Amino acid sequence: MKKTALTLVFILTLAFGADAQILWKVSGNGIERPSYLLGTHHIAPVAILDTLTGFTDALQSVDKIYGELVMSDASSAASQQKMAMAAMAPADSTLSKVLTPAQMDSVTAVLRLYMGPQMDASMFDAFRPAMVATLLGLTQTQKEFPEFTGATPIDAEVQNRAIALGKEIGSFETMDQQCAMLFGYPIAQQAAELLETVRDDDYAMEMIRKLSRAYLNGDLNSILAIMEDPKMTTEESRDRILNSRNAAWMKVIAGLLPAASVLIAVGAGHLPGEKGLISLLRKNGYTVEPVRK
């Protein structure tokens with residue numbers, strides 16, 4: 001369960017309401033031109049950008065676009081190979097060695113529910129449990145968002161549009177850092193999170209639906225409440241996937257904003273909360289306000 005929730009954050013289609021608050025203007029603190037903060041959903045249909053008030057103007061006005069990764073680099077054969085290798089379990093910790101036969105059967109049952117009757121947990125035996133949980137979380141989310149084809153993630157579309165406008169693209173992390181965040185924590189913990197998701201699949205899907213509604217409404221407070229639900233995440237996992245990364249990104253942002261106007265496009269889960277980017281920017285002296293009509 002906890003892994004599914006954080007997969008949703010890491011990876012929230014329809015049109016936005018007029019009061020959507022996933023695009024924020026950053027000003028003040030001596031900067032001459034505003035920058036922007038965009039909360040993305042990594043598998044939302046790209047058409048969402050065309051209904052988002054202020055997005056096109058913001059994209060055209062900035063000098064640079066920063067994301068979690070440079071998406072063209074992340075989709076390269078070398079990066080995909082690196083990700084695949086990081087997702088592989090050590091020989092003594094394959095899925096069937098860290099789960100009992102009954103637990104493997106439980107994983108199989110949920111995989112078949114979302115991925116078809118041909119699926120079996122043994123097909124993923126070589127992978128770390130976190131990889132299986134990530135694949136499951138993505139499949140569950142795609143069931144809620146059937147419009148998403150997978151051809152172009154929204155983060156990649158933002159960067160593609162920026163490149164077409166001649167904008168500079170930058171990233172806060174490398175593929176090595178992303179792999180460490182996703183798969184570098186203890187396998188026993190990964191297995192426990194996978195089993196918790198499998199045991200309470202109905203609750204996971206309920207949270208997916210709530211997150212989708214919250215995202216479409218630009219309701220960052222509801223997104224934060226779901227992320228802080230003790231049934232969904234632990235303090236350790238929030239720190240690893242959200243808080244520590246936000247703090248590291250803020251150091252980069254602090255160096256960027258005085259010199260350039262930047263559109264920062266990262267997962268919406270990184271925006272809210274005391275340790276979210278909106279709060280961190282305000283603590284650093286910036287004015288951060290939602291972009292409205």
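How many bridges join β2 to β5, and do they run parallel or antiparallel? The two strands run parallel, with 5 bridges between them. The model is a predicted one. Within this pairing, G39 stands opposite V266 in β5.

**The sheet**

β2 and β5 belong to an open sheet of 6 strands. The strand order is β4-β3-β5-β2-β1-β6, and the pairing is mixed. The edges are taken by β4 (168-171) and β6 (287-290). Each of these two has a single partner strand, so one side of each is left without a neighbour in the sheet. On average, neighbouring strands are turned by 20° against each other, direction ignored.

Strands of a sheet pair through backbone hydrogen bonds, either parallel or antiparallel.

| Strand pair | Sense | Bridges |
|---|---|---|
| β1 and β2 | antiparallel | 4 bridges |
| β2 and β5 | parallel | 5 bridges |
| β3 and β5 | parallel | 4 bridges |
| β3 and β4 | parallel | 4 bridges |

Now for the partners, residue by residue. Strand β1 covers residues 23-27 and strand β2 covers residues 35-40. W24 has L37 in β2 as its bridge partner. On the β4 side, K64 has E168 as its bridge partner.

How much of β5 is buried? The strand is mostly covered, with 6 of its 6 residues buried. β3 is covered on both faces. K64 and Y66 lie on one side, I65 and G67 on the other, and all are buried.

Helix α8 (residues 154-164) lies across β2, β3 (64-67), β4 and β5 (262-267). The helix runs at about 160° to β3.

**An aromatic cluster**

The model holds 3 aromatic pairs. One of them is formed by Y66 and F172, and this pair is tilted. The ring centres are 5.4 Å apart, with 55° between the planes. The pair links distant parts of the chain, 106 residues apart. Y66 sits in strand β3, while F172 sits in the loop between β4 and α9 (175-183).

Why does Y66 count as buried? The relative accessible area of Y66 is 12%, and the cut-off for buried is under 20%. F172 is buried too, because its relative accessible area is 10%.

F172 also pairs with W249, and this pair is stacked. Together, Y66, F172 and W249 form one aromatic cluster.

**Helices and selected residues**

Helix α10 (residues 187-199) has 13 residues. From first C-alpha to last, α10 reaches 18 Å, close to the 18 Å expected at 1.5 Å a residue. Which residues of α10 are buried? I187, Q190, A191, E193, L194, L195, T197 and V198 are. An α-helix has 3.6 residues a turn, so residues three or four places apart point the same way.

T134 lies in helix α7 (residues 129-144). T134 counts as buried because its relative accessibility is 11%. The side chain of T134 reaches the backbone oxygen of A130 at 2.8 Å.

S279 lies in helix α14 (residues 277-283). With a relative accessible area of 15%, S279 is buried. Leaving aside neighbours within four places in sequence, S279 is in contact with G273 and E274.

S106 lies in helix α6 (residues 101-115). Is S106 buried or partly exposed? S106 counts as partly exposed, because its relative accessibility is 34%. The C-alpha atoms of S106 and Q142 are separated by 21 Å. Along the chain, these two residues are 36 residues apart.

Note on methods:
Residues numbered from 1 in each chain as written. Predicted model: local features only at pLDDT ≥ 70, side-chain atom pairs only at ≥ 80, totals over all residues. Heavy atoms only, no water. Buried < 20%, exposed > 50% of the residue type's maximum accessible area, 1.4 Å probe, protein only. Pairing = 2+ DSSP bridges. Axes fitted to C-alpha atoms, helices over the stretch in contact; angles between N-to-C directions. Contact = heavy atoms within 4.5 Å. Expected span 1.5 Å × (residues − 1). Polar contact = N/O pair within 3.5 Å; in protein donor to acceptor, adjacent residues only side chain to side chain. Phe/Tyr/Trp six-rings, centres within 6.5 Å; stacked < 30°, edge-to-face > 60°.
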